[in-house]
Amino acid sequence: MRTRRPHTHNVPISCAPRKASCPTCGRHGRRKQVLRRTVRTLEYRRVVHLDITYGEYRARCGCCKTFRTHPPGVDLRDRYDDKVRRAVLDRILDDRMSVEAARASLRRDFLLELSDGFVYDCLREPRQGARHGRLS
C-alpha cells in the first residue's frame, strides 16, 4: 500500500523594500541584495510553506555593517513561524499534554514532524519576539 505525500501549498511573502530602517537606531540603509528562504507555518491538514523574499541592507550608521529584514511573526534563521511555537505551547501548557502527546497531535492535525529538541526549546526560554509582544 502506497502512502500519499500531502500537497504542499506555498505562500509568497515579500519584505525587501529598496530602503529599510536599522533595527538598532532606525537610520535607513540601502538594499544590497535580495534573498529567499522558506519557513513552515500551520494550516489544518495541509503542508504550508511561506516563501519569504527578504533584503540585506548596508547600514549607514555605526551600529552594524549590514542588517536583514523579516516579516512579522518570523524571526531570522527560524525554520518555523511563531504560529508553530504558539501551537506547541498551547498544547503543553493550556491542554496539559505531554511532549510526546503534543508532537503526536501536531503530526495528526497539521502534518508537522517536530523534534523533541524544538519542543523543549519552545518551553525553555522566552524568545526575543516575546519580549516585544509578538508571541504573547
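Reply: Let's begin with Arg91, which sits in helix α1. Helices here are DSSP runs of H or I with at least four residues, strands are runs of E with at least two, and both are numbered from the N terminus. Before going further, note that this is a predicted model, where local features need pLDDT of at least 70 and side-chain atom pairs count only at pLDDT 80 or more, while totals for chains, interfaces and linings use all residues. Residues are numbered from 1 along each chain as its sequence is written, and side-chain values use heavy atoms, with hydrogens and water left out.

Now, is Arg91 buried or exposed? Its relative accessible area is 13%, so Arg91 counts as buried. The cut-offs are under 20% for buried, over 50% for exposed and partly exposed in between, using a 1.4 Å probe and protein chains only. So what does Arg91 touch? Leaving aside residues up to four places away in sequence, the list is Arg96, Met97, Ala102, Ser105, Leu106, Asp109 and Phe110. Touching, or contact, means heavy atoms within 4.5 Å.

Some of those partners bring us to the next helix. Ala102, Ser105, Leu106, Asp109 and Phe110 are in α2, and together with Val99 they meet Ala87, Val88, Arg91 and Ile92 of α1. Sorted by type, the residues of this contact are 7 nonpolar, 1 polar and 2 charged. For that sorting, Ala, Val, Leu, Ile, Met, Phe, Trp, Tyr, Cys and Pro are nonpolar, Asp, Glu, Lys and Arg are charged, and the others, Gly among them, are polar.

How do the two helices lie against each other? Helix α1 covers residues 82-94 and helix α2 covers residues 99-110; their axes are 9 Å apart and the packing angle is about 130°. An axis is a line fitted to C-alpha atoms, for helices over the stretch in contact, and angles run from 0 to 180 degrees between N-to-C directions. The pair is therefore oblique. By the naming rule, under 35 degrees is roughly parallel, over 145 roughly antiparallel, 65 to 115 roughly perpendicular, and the rest oblique.

The axes of α1 and α3 come within 10 Å and cross at roughly 80°, so α1 is roughly perpendicular to α3. On the α1 side the contact uses Val84, Arg85, Val88, Leu89, Ile92 and Leu93, and on the α3 side Phe118, Val119, Cys122 and Leu123. This contact has 9 nonpolar residues, no polar ones and 1 charged. Compare the lists and you'll see Val88 and Ile92 in the contact with α2 and again in the contact with α3.

Helix α3 itself spans residues 116-124, and its buried residues are Phe118, Val119 and Cys122. Because they cover an arc of only 100° around the axis, they lie on the same side of α3; the arc is taken from the directions that run from the helix axis to the C-beta atoms. Here's the background: an α-helix has 3.6 residues a turn, so residues three or four places apart point the same way. Those buried residues of α3 pack against both α1 and α2.

One detail on the way from α2 to α3: Leu111 is in the loop between them. Its phi is near 55°, which is positive even though Leu111 isn't glycine. Most residues other than glycine have a negative phi. With 32% relative accessibility, Leu111 counts as partly exposed.

Finally, zoom out. The protein chain has 4 helices and 5 strands, and from the N terminus the order is β-β-β-β-β-α-α-α-α. Of its 136 residues, 40% count as buried, and buried Arg91 is one example.
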